[in-house]
Amino acid sequence: MSIISKDISKAITLLNNEELVAIPTETVYGLAGNIYSKKAINAIFKTKKRPLFNPLIVHIPNIDYLEAIVAEVPEKARRLANAFWPGPITLVLKKKPTIPDLITAGKTTVAVRIPNHPMTLELLSKLDFPLAAPSANPFNRISPTTAQHVEGYFKNEIKMVLDGGPCQKGIESTIIGFENGESIVYRLGSTSIEDLEAVVGKVEIKNKKEAAPEAPGMLERHYAPKTKTVLTSHLTETLEDYKGLRIGLLTYNDILNDDAIDFKIVLSESKNLEEAASKLYDALHQLDLQNLDIIIAEQLPDYGLGKSINDRLFRATKS
Ligand code: TXA
Ligand code: MG
């Protein structure tokens with residue numbers, strides 16, 4: 001029997017009983033539980049096979065709720081919250097002592113956001129607690145942007161996916177923190193650097209790629225298909241390199257027709273970066289199901305959401 005359902009009251013009952021429910025957001029589906037329930041939070045880490053040193057994002061229903069979670073809100077954080085919430089930006093702020101260490105992996109800061117999805121906003125407003133929700137994929141696998149993706153991963157582990165349709169943005173929220181008055185981006189995401197800078201001025205990007213990361217989104221291998229993946233800015237030459245193999249192609253708008261290609265996905269024929277972002281993970285999911293020898297992904301323009309998409313494609317090539 002399918003675990004996919006649109007029944008918000010069923011989700012409320014499960015969450016009140018310290019169970020997990022996968023929830024829709026505008027970015028990706030999240031694997032949600034009560035932030036104050038040890039049982040639920042442990043189940044999140046166990047279900048995802050996520051290392052305990054990776055902290056979780058706290059999802060709240062409105063800006064007023066921030067007071068219950070964080071000790072202080074710097075001026076720049078306030079401006080970003082007002083500009084982008086509900087929406088795909090996560091603020092890393094000094095935590096209140098009441099926020100469990102399990103959520104923050106022992107850090108003195110907590111990551112928090114208001115997701116922009118009507119069903120999840122309704123759900124959050126009807127609960128007496130915020131929801132911790134990492135992306136609803138096993139550690140190091142492609143993030144889910146449909147209820148069906150989540151069901152494919154976890155149908156035996158969780159009781160319900162709240163079905164809110166395909167995610168509009170399609171890549172994770174942008175994570176930003178504040179160190180000595182500077183704004184620091186820890187993870188590129190669905191809010192572009194240009195949009196952030198229009199609100200708070202220059203930001204620093206610390207989207208690190210080494211181990212022991214500030215944010216696990218910084219771990220090199222992440223968001224990865226099982227199929228070997230390469231990223232290129234020279235499609236024709238790269239195709240030549242892999243001649244004779246079963247090739248899957250992921251391009252921005254290229255309508256290149258080549259007999260050497262077994263399966264092809266075009267992210268946006270009209271060269272629209274928003275459209276490309278929204279299709280990215282589903283494209284990787286589909287490509288991964290084709291029994292290909294290699295996925296060749298074309299690099300996108302390195303501005304706006306193109307920067308975030310290239311970051312995810314780069315990580316998909318790591319094995
Ligand atoms: O779009 C999203 O943000 C999705 C949806 C479901 O809301 N959630 C998501 O969660 O991507 P997750 O757990 O896959 O990624 C959370 C990121 C991790 O990279 C984590 O390290 C970072 O947030 N993070 C959490 N707390 C942090 C903190 N105190 N300081 C720095 N990074 C933090
Ligand atoms: Mg994730």
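## Helices α9 and α10

Helices (H or I, at least four residues) and strands (E, at least two) are DSSP runs, numbered from the N terminus. The crossing of α9 and α10 is left-handed: the near helix is turned anticlockwise from the far one by less than a right angle, whereas clockwise would be right-handed.

Which residues of α9 and α10 meet? From α9 come Leu273, Glu274, Ala276, Ala277, Leu280 and Leu284; from α10 come Leu305, Gly306, Ser308, Ile309, Arg312 and Ala316. Eight residues of this contact are nonpolar, two polar and two charged. Ala, Val, Leu, Ile, Met, Phe, Trp, Tyr, Cys and Pro count as nonpolar, Asp, Glu, Lys and Arg as charged, and the others, Gly among them, as polar. Contact requires C-beta atoms, placed from the backbone, within 7 Å.

## Span and packing of α10

Helix α10 has twelve residues. From first C-alpha to last it reaches 17 Å, close to the 16 Å expected at 1.5 Å a residue. The expected span is 1.5 Å times one less than the number of residues.

The buried residues of α10 are Leu305, Ser308, Ile309, Asp311, Arg312, Leu313, Arg315 and Ala316. Buried takes 20 or more other C-beta atoms within 10 Å of a residue's own, exposed 12 or fewer, and partly exposed lies in between, with C-beta atoms placed from the backbone. The buried residues of α10 pack against β12 (229-232), α9 and β15 (294-298).

## Helix α6

Six of the eight residues of helix α6 (residues 147-154) are buried, so α6 is largely enclosed by the rest of the structure. The buried ones are Ala147, His149, Val150, Glu151, Tyr153 and Phe154. Their cover includes β1 (4-5), β2, α2 (38-48), β8 (161-162) and α9.

## The loop between α3 and β5

Tryptophan 85 and proline 86 are joined by a cis peptide bond, with omega about -10 degrees. Proline 86 lies in the loop between α3 and β5.

Proline 88 has its place in the loop between α3 (75-84) and β5 (89-94). Is proline 88 buried or exposed? It counts as buried, because it has 26 C-beta neighbours inside 10 Å. Leaving out residues up to four places away in sequence, proline 88 touches Glu26, Thr27, Lys169, Ser173, Thr174, Gly189, Ser190 and Thr191. Its C-alpha atom is separated by 7.7 Å from that of arginine 113, 25 residues apart along the chain.

## Other loop residues

Glutamate 67 lies in the loop between β4 (57-59) and α3. With 10 C-beta neighbours inside 10 Å, glutamate 67 counts as exposed. Glutamate 67 and lysine 95 are 28 residues apart in sequence and 9.8 Å apart in space, C-alpha to C-alpha.

Glutamate 18 is not a glycine, yet has a positive phi of about 65 degrees. It sits in the loop between α1 (8-16) and β2 (21-23). Glutamate 18 is partly exposed, with 16 other C-beta atoms within 10 Å. Lysine 271, also not a glycine, has a positive phi of about 55 degrees. Its place is the loop between β14 (261-266) and α9. Lysine 271 counts as partly exposed, with 13 C-beta neighbours inside 10 Å.

## Basis

Residues are numbered from 1 along each chain as its sequence is written, chains are lettered from A and ligands numbered from 1 in the order in which they are written. In this predicted model, local features need pLDDT of at least 70 and side-chain atom pairs count only at pLDDT 80 or more, while totals for chains, interfaces and linings use all residues.

Key. Contact = placed C-beta atoms within 7 Å.
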